[in-house]
Amino acid sequence: MPIVELQNIRKVYDTKVAVEGLTLAIEPGTMFGLLGPNGSGKTSSIRMMIGMTVPDSGTVQLFGKPFARTSLHKVGYLPEERGLYKKMKVLDQLIFLGQLHGLDESTARKRSLAWCERMEIAEAIEKKTEELSKGMQQKIQFIAALLHEPDLIIMDEPFSGLDPVNAELLMKTLIELRAAGKAILFSTHRMDQVEKLCDSIAIIFKGKLVLSGGMREIKNRYPRNRVQMTFTGPDSFLKNPAVASFENYTGIAEIKLTSPDAAQSLLHAAVAAGAHVNRFEVMEPTLEEIFIETVKGTPEYAEAGGRIDV
Amino acid sequence: MSSAITNTFLIARREYLERVRAKSFLVMTVLIPALMGAAIFGIALVNRNQKSAQHVAVLSDDPAFAANIQAELAAADTANKPVVDIYPLHDASARANLDTQLKSKGSDLDGYLVVTPSSTSGQRPIFQWVPRVTSDVITRGRVADASRGALIRQKLAASGMSAPQIDDLLASVDLSAGNGKSDHAGAAVASAWAMYFLMYFIILFYGMNVARSIIEEKTSRIFEVLLATIKPEEMLAGKVIGVGSVGLTQVGIWLALAVGYAKFSTAGLDIHMLPSAGQCGLFALFFLLGFLLYASLAAALGAMNNSEQELQQMQIFLMLPLIFSSMIIFNVITSPDGVVAKAASFFPFTAPLIMYTRVIVGKPGAAAVAGSLAILVATIAIVLWLASRIYRVGILMYGKKPNLPEILRWLKYS
């Protein structure tokens with residue numbers, strides 16, 4: 001049974017179509033990436049998922065039932081633009097937010113303390129929010145979304161503004177939660193960040209779904225015709241007929257081949273040309289490349305004048 | 001549903017505790033009565049030093065008439081008996097002396113009155129008032145009244161009445177004879193004004209606080225987190241109740257202190273503003289509903305605006321109905337069952353003050369009071385609902401200030 005199921009939902013604000021005919025399903029124990037450039041309708045879709053707005057048409061199902069507010073106690077949401085009460089103490093704040101999610105005070109207190117320990121911010125507990133660094137505040141918001149042990153965790157741009165160490169900690173925590181059977185929805189325009197995390201994805205552009213499916217299955221749809229190599233010596237071999245296009249960043253070349261089979265002949269040519277190859281890797285296309293390629297094929301792309309604000 | 005009540009309660013409790021625990025609450029609770037007391041004391045001090053008709057001179061050749069003016073001036077201010085000097089009219093040196101006195105800072109002479117007999121007999125004399133300060137209208141008025149009184153006394157004496165007879169005739173009339181001790185109308189006016197000032201204060205401070213806290217949540221964007229579990233209407237209702245309770249707590253502390261002071265003070269202040277227990281209950285009820293209504297309106301203003309500056313401009317919309325109520329209150333007191341009073345006691349934004357006033361001075365009837373209360377409760381619900389509508393759509397389209405047509409259109413969205 002999918003945790004979230006959107007069926008053909010549509011939302012129009014005034015004259016602006018925010019979401020059009022979006023269908024997706026998120027299974028328990030998976031990470032789902034909702035991807036797309038800024039303003040493509042990610043946040044609008046999430047808001048309909050958790051009843052902040054009602055779709056003009058289409059259906060929303062949570063936990064296998066039509067949307068009901070009682071289900072919201074099983075949803076943890078980290079909004080893209082988020083805040084905390086500045087003057088409130090961290091612990092009081094977490095308890096308050098936990099209670100709003102249906103926890104009683106003592107449970108909320110116990111879990112808050114445990115989570116602060118786990119997220120390495122135990123020393124902040126008695127402080128006021130305004131005294132904390134931005135990264136710390138972000139961790140507190142992260143905890144607030146997880147305190148009530150939700151089965152569906154929605155993270156809208158969770159890593160924005162976070163340093164690599166803390167981003168790593170967050171990611172690790174989310175992977176543990178997935179292992180515990182929770183469904184996690186990532187919404188982001190930074191495709192590289194979720195590339196290795198997500199089990200399946202949906203890419204939306206201008207409110208419409210342009211690509212969706214399992215990560216492996218989507219990647220397999222695209223040929224492994226990319227090579228990244230590090231080398232010293234002559235670069236004349238890049239003019240090889242097997243090379244469709246290339247970028248040479250002084251010794252690190254990103255190459256697109258005419259066919260996946262051409263990799264071996266290119267390596268031969270490089271060695272024959274006298275280049276010293278340190279690394280030669282045949283790669284699958286990145287999510288970002290897939291996204292750009294897919295979007296370029298849509299009528300909306302032409303409408304937008306050939307621009308994607310990734 | 002009970003979850004709605006739980007959520008509203010949680011929001012209200014947070015607002016209440018955060019505010020009451022803040023240092024500013026304690027400071028305000030102490031500082032405002034202190035400042036008010038200082039202001040009242042200061043005004044009393046200024047007024048005590050302000051002396052009108054304290055030293056007046058009369059130039060007249062008729063000593064009996066001048067003595068009458070002297071007596072009338074003394075009767076007008078029994079607390080501070082004024083000094084009235086009398087000089088003969090044609091004493092040029094006396095007049096010159098008075099003129100120098102008026103110019104001198106060392107003298108306390110307020111002015112002098114020249115009474116010249118008319119050329120034709122039987123006609124009024126001619127009065128000329130020469131003041132130290134032309135704008136001292138109080139002294140001028142008193143001197144004019146005293147002169148008129150002296151004229152009447154002179155005529156009555158001439159017609160053969162004795163001085164005690166004249167005093168008896170000219171004594172002021174007491175209308176309250178036989179009414180007993182409690183002055184009904186006075187108490188009504190006092191309690192209506194008390195309600196007006198309490199409401200004005202609490203709406204100005206705490207009504208705007210409701211609006212401000214909504215805007216604060218919009219700027220900090222914590223509402224995004226909150227709205228993931230609660231409905232906007234629960235949030236707004238929680239804010240109105242929570243912030244309102246802070247205001248009521250503060251007013252409660254002040255009232256308790258005032259009552260305590262009155263009880264133990266040897267000065268024996270005579271506070272009989274609230275005539276009966278029933279009216280006392282109605283006062284509390286109308287005050288509470290009135291505050292809730294205005295606080296809901298403030299919530300709507302908060303929902304409409306994205307910054308404090310924008311809110312400031314709209315503050316007048318909150319105060320206007322209240323100011324209007326205070327302007328028609330005299331009309332209501334003098335004619336409690338008139339058209340204006342009746343209409344205003346059912347118009348929700350004036351109802352709290354006006355219906356309460358009518359209850360005290362008139363006989364609106366239980367059905368009318370109940371009707372007015374029902375209208376208030378219904379309006380609070382409607383205003384809160386509208387506010388949450390505006391709020392919900394407003395935050396989803398943040399970034400720009402809505403205009404009226406947009407707000408009207410938002411009301412249709414879900």
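Let's start in chain B. The axes of helix 3 (residues 63-76) and helix 5 (residues 137-158) of chain B come within 8 Å and cross at roughly 125°. Axes here are lines fitted to C-alpha atoms, for helices over the stretch in contact, with angles from 0 to 180 degrees between N-to-C directions. Helices (H or I, at least four residues) and strands (E, at least two) are DSSP runs, numbered from the N terminus. So helix 3 of chain B is oblique to helix 5 of chain B. On that scale, under 35 degrees is roughly parallel, over 145 roughly antiparallel, 65 to 115 roughly perpendicular, and the rest oblique.

A word on the source. This is a predicted model: local features need pLDDT of at least 70, side-chain atom pairs count only at pLDDT 80 or more, and totals for chains, interfaces and linings use all residues. Residues are numbered from 1 along each chain as its sequence is written, while chains are lettered from A and ligands numbered from 1 in the order in which they are written.

Which residues make the contact? From helix 3 of chain B, they are B:F65, B:N68, B:I69, B:E72, B:L73 and B:A76. Helix 5 of chain B brings B:R142, B:D145, B:A146, B:S147, B:G149, B:A150, B:R153 and B:Q154. Contact means C-beta atoms, placed from the backbone, within 7 Å. By class, this contact has six nonpolar, four polar and four charged residues. Ala, Val, Leu, Ile, Met, Phe, Trp, Tyr, Cys and Pro count as nonpolar, Asp, Glu, Lys and Arg as charged, and the others, Gly among them, as polar.

Next, the contact between chains. Chain B gives 17 residues and chain A gives 22. On the chain B side, helix 1 (2-21) and helix 8 (223-226) each supply at least two residues. Helix 1 of chain B has the largest share, four residues. The chain B side divides into nine nonpolar, four polar and four charged residues.

Now chain A. It has ten helices and 14 strands. Its C-alpha atoms fill a box of roughly 70 × 45 × 35 Å, taken along the principal axes. Of its 310 residues, 39% count as buried, that is, with 20 or more other C-beta atoms, placed from the backbone, within 10 Å of their own.

Last, strand 6 (residues 75-78) of chain A. A:V75 and A:Y77 point one way, A:G76 and A:L78 the other, and all are buried. Four bridges join strand 6 of chain A to strand 7 (residues 152-156) of chain A, and the two run parallel. Pairing takes at least two DSSP bridges. A:G76 stands opposite A:I153 in strand 7 of chain A.

Methods: Two residues are in contact if their C-beta atoms, placed from the backbone, lie within 7 Å. A residue is buried if 20 or more other C-beta atoms lie within 10 Å of its own, exposed if 12 or fewer, and partly exposed in between; C-beta atoms are placed from the backbone.
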